[in-house]
2 protein chains.
Amino acid sequence: MSSLINTQVIYKQVPTGLPNPDQDFEIKKTTITLKDVVLKANEILVKTLFASVDPYMRVRMRDPSVPSYLPAFIPGQPMNGAIVAEVLRSTDSKFIQGDIVVAFGNWEEYNVLSTADAGFFGVEKIPDARSGKYPLSNLLGVLGVTGLTAYVGLHKICEPLTPGQTLYVSAAAGAVGQVVGQYGKSLGLRVVGSAGDDKKVDYLLKELKFDAAFNYKKHSSDLVGILKETCPNGIDIYFENVGGKMLDAVLVVCNSNARIAACGMISQYNRPDGHEGIFNIRTIIGKKIRIEGFHANDGPPTYPATAFQTFRKLLEEGRLLAKDHVTEGIENLPQAFVYMLNGKNFGKAVVKIADL
Amino acid sequence: MSSLINTQVIYKQVPTGLPNPDQDFEIKKTTITLKDVVLKANEILVKTLFASVDPYMRVRMRDPSVPSYLPAFIPGQPMNGAIVAEVLRSTDSKFIQGDIVVAFGNWEEYNVLSTADAGFFGVEKIPDARSGKYPLSNLLGVLGVTGLTAYVGLHKICEPLTPGQTLYVSAAAGAVGQVVGQYGKSLGLRVVGSAGDDKKVDYLLKELKFDAAFNYKKHSSDLVGILKETCPNGIDIYFENVGGKMLDAVLVVCNSNARIAACGMISQYNRPDGHEGIFNIRTIIGKKIRIEGFHANDGPPTYPATAFQTFRKLLEEGRLLAKDHVTEGIENLPQAFVYMLNGKNFGKAVVKIADL
């Protein structure tokens with residue numbers, strides 16, 4: 001077999017503020033001859049089909065000397081994250097050519113992955129991926145880490161999920177937000193969402209059937225006011241994706257015994273001048289509010305299976321719309337990532353690298 | 001019986017910043033003839049022996065139009081709070097002359113209390129109060145709401161209380177703090193405390209046997225540094241009594257899965273210019289930190305009995321020192337209250353109104 005081009009997306013440098021697709025990344029093209037790729041024991045050579053772009057990646061784009069729960073990306077190395085890929089060759093009998101897997105891989109067209117790591121960051125075979133029951137991109141969204149994040153946040157932090165209580169979710173048209181809201185509706189909660197443009201608000205109300213929704217940019221001068229208007233009974237559960245001034249306003253509108261699942265604070269990630277202060281934290285005492293951070297792999301071991309079973313059922317019943325925002329072409333990964341950070345995505349942001 | 005003087009402490013006006021004992025309160029003396037006091041059904045006439053002064057009272061000294069979890073004090077009315085009192089006369093067969101009770105009563109020498117309200121804010125008879133096993137002031141401290149607050153915060157919010165983990169408590173020589181720290185020691189935790197003067201720090205180390213302690217005023221320019229020094233393994237449990245910059249620093253030093261019981265934020269109560277911002281809130285996501293507010297009456301119904309049984313046992317074994325800061329004389333209630341807000345108390349601040 002002749003040589004092919006293997007395009008990679010290289011992380012060039014630590015960005016200041018919002019990353020710049022041209023300056024902070026580099027598209028690198030090398031040649032690869034697939035038959036010459038040598039696999040060690042328990043490895044697979046895969047063709048990357050989809051790559052996920054996620055807010056947490058911004059946390060990894062920092063000076064490597066600054067500690068965090070996630071390792072920093074190394075300048076000069078390829079970016080990496082969750083991918084959907086097709087197995088081309090395998091030295092592990094559990095995987096054969098043609099298998100579709102979800103894994104953690106580089107932003108490049110061909111990856112060699114170790115199958116030795118099991119668990120959350122290991123390689124997972126998806127037996128029904130070719131069934132056509134759902135788009136493959138869903139494996140990075142509602143049927144992947146995104147969906148699990150929604151499930152863990154609601155069940156681990158926010159129980160009891162009492163029907164009739166008010167769930168407010170920010171970045172509600174985003175990857176996790178849309179699952180949180182729709183799943184909340186299926187549980188009988190009153191669901192309110194916010195997003196950064198009117199088209200998204202429309203989508204939340206008309207397609208995802210949220211009970212109320214608003215464009216936070218139009219209400220930035222009085223977030224407390226719009227929250228009180230859209231949550232007339234107060235907020236019982238807040239699924240926190242944005243942080244900053246929104247969190248501060250939510251604390252004012254929370255009811256007694258409110259639960260706040262802190263999933264992300266995307267409004268803060270690109271602030272080169274430090275974070276916004278939270279001035280209403282004291283309300284957590286009077287109102288006995290719980291705020292708790294979590295990760296998608298935090299729940300009991302039964303959560304992933306239960307979550308995906310639940311979401312598949314809701315998908316089949318048409319009670320869950322899983323919108324993915326698909327950008328085409330590996331060269332567009334940096335731009336898709338930055339668009340997502342800027343809230344320009346509609347649903348889960350993924351990049352299609354190749355056809356199956 | 002001839003008439004007596006009944007001294008009352010009247011709440012005069014909403015303070016700006018730290019209350020002023022002379023301007024914001026008024027000592028009012030009226031006469032009372034005890035035999036002429038008419039009791040309705042289920043009432044008791046009591047002589048007040050001790051009155052509690054507590055940080056939460058500052059929260060009640062606000063414009064009554066501002067909502068909060070606690071009703072605002074009404075200017076012109078007496079202050080009120082937890083008291084220890086002796087029953088002089090009763091129309092409820094469950095109480096007889098000479099009984100000692102803990103109740104919610106006015107800051108005045110003689111109170112008429114309804115015994116109809118049961119539960120947390122009701123009148124509670126203390127059968128062994130005259131046994132001499134403990135000073136009566138303890139009924140407002142370790143054997144009262146103060147002790148229960150320590151117990152509920154640790155058990156409801158901070159479990160698991162794993163021996164060897166680091167518990168940090170602020171305002172550690174204060175009413176709740178000293179119980180939290182000593183009880184934490186008895187559970188095998190490594191206990192670190194802070195206070196606002198060297199004598200208190202000395203007391204924490206030498207008498208209460210804390211593993212480490214520091215004067216936060218001497219380290220105000222680098223709270224993170226002193227926390228890292230005194231908690232070399234990081235903070236697993238933070239019992240939050242002060243808020244503001246201390247909370248912000250603690251968030252930096254917390255370990256993964258840290259639990260923060262938010263009991264009070266006394267550093268913020270007297271700031272007329274608004275609260276300090278919390279800038280490190282984002283760390284709760286990466287480190288999966290839980291922050292939760294609570295009240296003393298929040299736990300399961302079994303908590304009070306279990307808590308007081310536990311603390312009595314520790315007191316008897318000499319493993320718990322229950323220091324009360326006793327000021328004498330009802331006229332000194334406002335000053336004792338303000339001293340306590342200013343951190344001048346050493347242990348639980350109470351005012352002795354009369355001898356038994």
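**Questions on a predicted two-chain model**

Visitor: In which loop is the place of A:Pro160?

Guide: Helices (H or I, at least four residues) and strands (E, at least two) are taken as DSSP runs and numbered from the N terminus. On that numbering, A:Pro160 is placed in the loop of chain A between α2 (145-157) and β8 (166-169).

Visitor: What pLDDT do local features need in this predicted model?

Guide: Residues are numbered from 1 along each chain as its sequence is written, while chains are lettered from A and ligands numbered from 1 in the order in which they are written. The model is predicted, and totals for chains, interfaces and linings use all residues, whereas side-chain atom pairs count only at pLDDT 80 or more and local features need a pLDDT of at least 70.

Visitor: Is the peptide bond from A:Glu159 to A:Pro160 cis or trans?

Guide: Most residues other than glycine have a negative phi, and most peptide bonds are trans. In chain B, B:Pro160 lies in the loop between α2 (145-157) and β8, and the bond joining B:Glu159 to B:Pro160 is cis, with omega about 0 degrees. For A:Glu159 to A:Pro160, omega is near 0 degrees, and the bond is cis.

Visitor: How many C-beta neighbours does B:Ala171 have inside 10 Å?

Guide: B:Ala171 is placed in the loop between β8 and α3 (175-186) of chain B. The phi of B:Ala171 is positive, about 50 degrees, although the residue is not a glycine. B:Ala171 counts as buried because its C-beta neighbours inside 10 Å number 28.

Visitor: What separation do the C-alpha atoms of B:Asn20 and B:Gln335 have?

Guide: B:Asn20 sits in the loop between β1 (4-11) and β2 (25-32) of chain B. Its 14 C-beta neighbours inside 10 Å make B:Asn20 partly exposed. B:Gln335 is 315 residues apart from B:Asn20 along the chain, yet their C-alpha atoms are separated by 8.2 Å.

Visitor: Which element supplies the largest share of the side of chain A that touches chain B?

Guide: Two residues are in contact if their C-beta atoms, placed from the backbone, lie within 7 Å. The contact takes 27 residues from chain A and 27 residues from chain B. On the chain A side, α7 (283-286) and β13 (290-293) each supply at least two residues. The largest share, four residues, comes from β13(A).

Visitor: How many residues of that side of chain A are charged?

Guide: Ala, Val, Leu, Ile, Met, Phe, Trp, Tyr, Cys and Pro count as nonpolar, Asp, Glu, Lys and Arg as charged, and the others, Gly among them, as polar. The side of chain A that touches chain B divides into 11 nonpolar residues, 10 polar and, as charged residues, six.

Visitor: Which residue of β13(B) stands opposite B:Ala261?

Guide: Strands β11 (235-240) and β12 (254-262) of chain B pair in the parallel sense over five bridges, and B:Phe239 has B:Ala261 as its bridge partner in β12(B). β12(B) also pairs in the parallel sense with β13(B), over four bridges. In β13(B), the residue opposite B:Ala261 is B:Glu292.

Visitor: What kind of axis relates the two copies?

Guide: Copies are superposed by least squares on the C-alpha atoms of residues with pLDDT of at least 70 in both. A rotation of 180 degrees, with 0.0 Å of shift along its axis, superposes chain A on chain B (RMSD 0.0 Å). The copies are therefore related as by a two-fold rotation axis.

Conventions. A residue is buried if 20 or more other C-beta atoms lie within 10 Å of its own, exposed if 12 or fewer, and partly exposed in between; C-beta atoms are placed from the backbone. Two strands pair if DSSP finds at least two bridges between them.
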